[in-house]
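Dear colleague,

I am handing over the structure below, and my notes on it follow. Please read them beside the model.

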Amino acid sequence: MKRVVLMGFMGAGKTTIGKALAKEFSCGFIDTDEMIEQVQGRKISEIFEKEGESAFRDMETELLRKLQNRTDMFVLSIGGGMPVREENRALLRDIGTVVYLKATKE
């Protein structure tokens, strides 16, 4: 089975749907923002403030490269700005099937 990559705006349901899919597929769930915060030992807002957006985007790309090399099944939820880089879009497609979640305000 191919991995699933969920993208969409904040509040679109990436985490809720991602955890449900991971449970259904009996696999792990990964949130890229949470993973970067864990690795860095600080919040994303602090990374932006101290190092800038470019440094954070570099961290996202590096994380995607690592995830690309994994052999296990997982459901991936990505941050909203991650697909801005063309390189990231290619990595995401290589990691799994990319699904865009769209939700209304209601």
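Leaving out neighbours up to four places away in sequence, proline 83 is in contact with Met7, Ile78 and Arg89, where contact means heavy atoms within 4.5 Å. This is a predicted model, in which local features need pLDDT of at least 70 and side-chain atom pairs count only at pLDDT 80 or more, while totals for chains, interfaces and linings use all residues. Residues are numbered from 1 along each chain as its sequence is written, and side-chain values use heavy atoms, with hydrogens and water left out.

Proline 83 sits in the loop between strand E3 (74-77) and helix H5 (86-95); helices (H or I, at least four residues) and strands (E, at least two) are DSSP runs numbered from the N terminus. With a relative accessible area of 15%, proline 83 is buried, a term that stands for under 20% relative accessible area, with over 50% called exposed and partly exposed in between (1.4 Å probe, protein chains only). Its C-alpha atom is separated by 9.9 Å from that of glutamate 60, 23 residues apart along the chain.

Leucine 76, residues up to four places away in sequence not being counted, touches Val4, Val5, Leu6, Ile30, Thr32, Leu64, Leu67, Leu92 and Ile95.

As for open space, the second largest pocket holds about 170 Å³. A pocket here is an open set of points on a 1 Å grid over the protein atoms alone, where a 1.4 Å probe fits, with protein on both sides within 12 Å along at least five of seven lines, and lining residues have an atom within 4 Å of a point; grid points are joined across faces, edges and corners, and a volume is the space filled by probe spheres set on the points. Helix H2 (32-40) and helix H4 (53-68) each supply at least two residues of the lining of this second largest pocket, with H4 giving the largest share, 5 residues.

Best regards
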